[in-house]
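Visitor: I'd like to learn how to read a model like this one. Could you walk me through the features, one at a time?

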Amino acid sequence: MDHEVYIQAEVPTPAGVEEQLRRAILAALEEEKVATPCIVEVCVTGDQGIHQTNLEMRGVDRPTDVLSFPMFELLPGEKPQPDWADPDTGKVPLGDMMLSLERANAQAEEFGHSPEREVCYLAVHSVLHLLGYDHLDEGPMKAQMRQREEAILGKLGITRDGP
């Protein structure tokens, strides 16, 4: 598929992180069978940058790992439509994500897996949010989202044990 991923790094980003993000985002779109070409924009930042955005956008006064800003209100399984495409690009602007590399590295250490796995997990998690998945409840919605995350990461060969 002809999806595009644009990445802007506000903090020093180790070699390979941008490719990991692209690979995870494109895999999530493919596994979710998104047939309409889409654009996903990513901002890689640190705790300070994501803290400020979290405060401004959600009123939450602390850093977080990833924030998702969907362009459309989709339900899980609902797909972007060709007529939603930007006339200039011919692609649907699916939404934006902001990822704290600092938080991703800390969580990788905390959870005992690689930073690659955490970055890929957060990217997949965010794409699912852009596609209407949520985990606000502790029941079926969260279970559905977790199942999709693990399936997509499995297709990438990224397990809880490592890549």
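Guide: Let's start with a term for accessibility: buried means under 20% relative accessible area, exposed over 50%, and partly exposed in between (1.4 Å probe, protein chains only). Glu150, with a relative accessible area of 28%, is therefore partly exposed. This is a predicted model, where local features need pLDDT of at least 70 and side-chain atom pairs count only at pLDDT 80 or more, while totals for chains, interfaces and linings use all residues. Residues are numbered from 1 along each chain as its sequence is written, and side-chain values use heavy atoms, with hydrogens and water left out.

Visitor: Good. In what order do the strands of the sheet lie?

Guide: The general idea is that strands of a sheet pair through backbone hydrogen bonds, either parallel or antiparallel. Here strands (E, at least two residues) and helices (H or I, at least four) are DSSP runs, numbered from the N terminus, and two strands pair if DSSP finds at least two bridges between them. In this model four strands make an open sheet, ordered β1-β2-β4-β3, with mixed pairing. β1 (4–9) and β3 (66–70) are at the edges with a single partner strand each, so one side of each has no neighbour in the sheet. Ignoring direction, neighbouring strands are turned by 15° against each other on average; for angles, axes are lines fitted to C-alpha atoms, for helices over the stretch in contact, and values run from 0 to 180 degrees between N-to-C directions.

Visitor: In which sense do β2 and β4 pair?

Guide: β2 (residues 38–45) and β4 (residues 92–100) pair in the parallel sense, over eight bridges. To find one of them on screen, pick Cys38: its bridge partner in β4 is Val92.

Visitor: And which strands does helix α1 touch?

Guide: Contact means heavy atoms within 4.5 Å. By that rule α1 (residues 17–31) packs on the sheet and touches β1, β2 and β4, with its direction at about 145° to that of β1. Helix α4 (residues 115–130) lies across β2, β3 and β4 and runs at about 25° to β3.

Visitor: How many salt bridges turn up in the whole structure?

Guide: Side chains of opposite charge can pair when their charged atoms come close. The cut-off is a side-chain nitrogen of Lys or Arg within 4 Å of a carboxyl oxygen of Asp or Glu. A search of the whole structure gives seven. One of them is Arg23 with Glu116, where the closest N and O atoms are 3.7 Å apart. Arg23 belongs to α1 and Glu116 to α4, so this pair ties together parts 93 residues apart in sequence. Arg23 is partly exposed, at 34% relative accessibility.

Visitor: What about Arg117: buried or exposed?

Guide: Arg117 is buried, at 2% relative accessible area. Its salt bridge goes to Glu150, with the closest N and O atoms 3.2 Å apart.

Visitor: Which residues does Glu32 touch?

Guide: Leaving out residues up to four places away in sequence, they are Lys79, Leu128, Leu131, Tyr133, Arg148 and Ile152. Glu32 sits in the loop between α1 and β2 and is buried, with 6% relative accessibility. With Arg148 it forms a salt bridge whose closest N and O atoms are 2.6 Å apart.

Visitor: Which residues of helix α3 are buried?

Guide: In α3 (residues 101–111), they are Leu101, Ala104, Gln107 and Ala108. Down the helix axis they fall within an arc of 125°, so they line one face; the arc is that of the directions from the helix axis to the C-beta atoms. Glu109 and Glu110, on the other side, are exposed. The cover over the buried residues includes α1, β2, β4 and α4.
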